[in-house]
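Trainee: Hi! Could you walk me through this one in plain words?
Mentor: Happy to. Let's look at it together.

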Amino acid sequence: MTLNKIAQVVGASLYDVRDPQALVTAPSAVDSREVVPGGLFAATVGARVDGHDYAAGAIAGGAVAVLASRPAGVPALVVEDVQLAIGLLARHLLEHISPTVIGLTGSVGKTTTKDLLAQVLERHAATVATDRSFNNELGLPLTVLRADATTRYLVLEMGAGRKGDLTYLTGLAPPQVGLVLNVGTAHVERMGVGPADVAEAKGELVEALPADGFALLNADDPYVMGMAGRTRAQILLYGGSAEAQVRAEDVRMADRARTAFELVTPSGRAPVELDLIGEHQVSNALAAAAVATALGLGVAEIADGLNAARRRSAGRLEIVERPDGITIVNDAYNANPESMRAGLRAAKALAGTRRTVAVLGAMGQQADASRARHAEMGRLVADLRFDVLIAVGAGDPLAMAEAAESSNQGVAVHTVEDVAGALRLATALLEPGDVVFVKASSEIGLGACARALAGA
């Protein structure tokens, strides 16, 4: 599109633009370091960083122009609201290229499921999927703007921090296929006090589906099943339940905590062995298989894609084997009780008889139940017979430490004030052959500890 056409679509005024007919031929970016020659740089204003300060660098890096909320001394399309403008541009693009839009949401497992689904669909046709966790009102349209006329499938992870978020996102990118993974305790602080509030928000995805679309629902989650009456779309169930059209049978643990099972779909059955640790990955794989089934892929093709799939996103049960035999399991991208339980069990299964160390920080957005939920995690660490717990930070992590210590299961409990303290203590305590599991909500910054331990 030309700059002049983009300006018409988003209602922008051109500033310092020599050639209004200059073409934008590449995706947009909000990080000047990720600018692609021929693309746009969206200058957003955050709490700590103002993108307008990086406008000149973005142009030097090849951006055709900057989408900005004020003139920046470089070719710019100036709008009142950059985020809104990016959304308008994405919606305009979709109206002209018409890929099959697949939206997926859930409290846990969105990114892993999205990565699995993308790898299944890529073997079938041109696919664009959400990068990292670009699943909000800015990240989603940036993903859409990576698509072009050759794109057959557009896989969009959709996050919901509050009611109305998914209504907005599905308005930008109306889905033909909607997948709801689960309803858990993520975001309860903002969305309400219980899972019913979370379900109310997550269900906005299936409400947005057309009558000739597909709603893929987790048959094992009663809150997700409760969404069946909120959609006009055809419903396809997945899960362990016998009523699920896409399900897993003969689930078993394979080598090094990988999970194997028999995939059953309406087109038949085929063996699957995932290259991901943890039994909870079965549900993620079934979710991806359900979408592929709705899109017309056969069971053999789906199984081949799942068998070949690899972990794509950092910080999610990311395994690094050190030369000294120590294994680091970095699951520190984010945390809530559901993902913490799954991660702890996966790390323990991976370890087998090896010594295990858990480096755990706070789980955010747990509202009034936060202390109790952290204590529950401490008891789980003890019940799983981890050898060492390092609880990082004041407040709720101390409840985790107290619960683990009072369980009398023999876990050695340590508390540290911050990430730097966690790194120093873990480095001092580790022994050759240990398996170290690192997890907390992203704002705690324990990913830096995991990466440092992995690089030691």
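Mentor: Let's begin with an open sheet of nine strands with mixed pairing, in the order β6-β7-β5-β8-β9-β10-β11-β12-β13. Strands, like helices, are DSSP runs numbered from the N terminus, with at least two residues (E) for a strand and at least four (H or I) for a helix. Two strands pair if DSSP finds at least two bridges between them.

Trainee: Which strands stand at the edges?
Mentor: β6 (127–129) and β13 (268–277) do; each has a single partner strand, so one side of each lacks a neighbour in the sheet. From one strand to the next, the twist averages 20°.

Trainee: Before I go on, what kind of model is this?
Mentor: This is a predicted model, where local features need pLDDT of at least 70 and side-chain atom pairs count only at pLDDT 80 or more, while totals for chains, interfaces and linings use all residues. Residues are numbered from 1 along each chain as its sequence is written, and side-chain values use heavy atoms, leaving out hydrogens and water.

Trainee: Thanks! In which sense do β12 and β13 pair?
Mentor: Antiparallel, over seven bridges. The two strands form a hairpin with two residues between them, and Phe261 stands opposite Val272 in β13.

Trainee: And β10 with β11, parallel or antiparallel?
Mentor: Strand β10 (residues 234–239) pairs with strand β11 (residues 246–253) in the parallel sense, over two bridges. There, Gly239 stands opposite Arg247 in β11.

Trainee: Which helix lies across β12 and β13?
Mentor: Helix α12 (residues 299–308), running at about 10° to β13. Angles run from 0 to 180 degrees between N-to-C directions, and axes are lines fitted to C-alpha atoms, for helices over the stretch in contact.

Trainee: At what angle do α4 and α12 pack?
Mentor: Helix α4 (residues 110–122) packs with α12 at about 125°, and their axes are 8 Å apart. The two helices are therefore oblique to each other; angles under 35 degrees count as roughly parallel, over 145 as roughly antiparallel, 65 to 115 as roughly perpendicular and the rest as oblique.

Trainee: Which residues make the contact?
Mentor: Leu116, Gln119 and Val120 of α4, with Ile302, Gly305, Leu306 and Ala308 of α12. Contact means heavy atoms within 4.5 Å. By class, the α4 contact with α12 has five nonpolar, two polar and no charged residues. Ala, Val, Leu, Ile, Met, Phe, Trp, Tyr, Cys and Pro count as nonpolar, Asp, Glu, Lys and Arg as charged, and the others, Gly among them, as polar.

Trainee: New topic! What is the order of the open sheet of four strands?
Mentor: That one runs β1-β4-β3-β2, with mixed pairing. β1 (13–15) and β2 (40–42) stand at the edges with a single partner strand each, so one side of each has no neighbour in the sheet.

Trainee: How do β3 and β4 pair? Over how many bridges?
Mentor: Strand β3 (residues 65–68) and strand β4 (residues 76–78) pair in the parallel sense over three bridges, and Leu67 stands opposite Leu77 in β4. Helix α3 packs on this sheet, touching β2 and β3, and its direction makes about 120° with that of β3.

Trainee: At what angle do α3 and α6 cross?
Mentor: Roughly 45°: the axes of helix α3 (residues 82–97) and helix α6 (residues 165–172) come within 8 Å there. That makes α3 oblique to α6. Leu84, Gly87, Arg91 and Leu94 of α3 meet Tyr168, Gly171 and Leu172 of α6.
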